[in-house]
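Please keep the sequence and the model in view while reading.

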Amino acid sequence: MDGLTSMRLHMIFSMMREFSRPLLGGNYGSSLNGRRLYLLFFGGALMKLPCSPPHSANIISMTGESVEMSDKEVILTQDGLKRLEEELENLKSVRRREVAERIKTAIGYGDISENSEYEDAKNEQAFIEGRIITLEKMLRNARIINNDEIDTDTVSIGSTVTVQDLEYGDTMEYAIVGTAESDPLQNKISNESPVGKAILGKKKGAVVDVTVPAGVIQYKIVDIKK
């Protein structure tokens, strides 16, 4: 495992730990907390590390998710489109310049064969260039979901859905988005995630089963809105 991968692993697990404290009330041992962690961080976004080389045919989502991509359609909301366009512009106009300066500075330190700063900067440069390629391909293949396409009678991509855990009585609100736009910290879950698949196409009042490693969770759809 290289230094960049280790750094991403540490960042993800630290983020999960810190985020779960207010969300889960600080008790990591209960069934409900384990269920939520699974749904938010694995069911919600299929979080895989973006360690693919720059020319890999992968989507890397807003959360760092890596998802196999060819020329298939990429579903985005208007907000998701705006965020990806802004990210691409930032990578091209700001991050590229910053990492080039880091590399230039690191070379000035001398022998690059034992220069960790140079290696880190080159790894970051490869990641940035890979992300740029990914974003450009995503935007070329994008299908934008407009507000008038969002159905409030049944769950569809773009819907904001309130669900209730029938065992614990707890309610949660999720926005259903395409895989590339999923972001569990914003309660945006993929239509391809376990929860997304279970509730997609269902109506208000429907009860769905979501299969997780610990068993099956039952959710009732309480509300659907745009």
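In this model, Thr-160 has Lys-225 as its bridge partner in E9, where strands (E, at least two residues) and helices (H or I, at least four residues) are DSSP runs numbered from the N terminus. The model is predicted, so that local features need pLDDT of at least 70 and side-chain atom pairs count only at pLDDT 80 or more, while totals for chains, interfaces and linings use all residues. Residues are numbered from 1 along each chain as its sequence is written, and side-chain values use heavy atoms, with hydrogens and water left out.

Strand E9 (residues 215-225) runs antiparallel to strand E5 (residues 160-165), to which six bridges join it; two strands count as paired if DSSP finds at least two bridges between them. Strand E8 (residues 207-212) is likewise antiparallel to E9, and six bridges join these two strands, with a hairpin of two residues leading from E8 to E9. Bridge partners in E9 include the following.

| Residue | Bridge partner in E9 |
|---|---|
| Val-212 | Gly-215 |
| Val-210 | Ile-217 |

These strands belong to an open sheet of five strands, ordered E7-E6-E5-E9-E8 with mixed pairing. Its edge strands are E7 (188-190) and E8, each of which pairs on one side only. From one strand to the next the twist averages 45°, given that axes are lines fitted to C-alpha atoms (for helices over the stretch in contact) and that angles run from 0 to 180 degrees between N-to-C directions.
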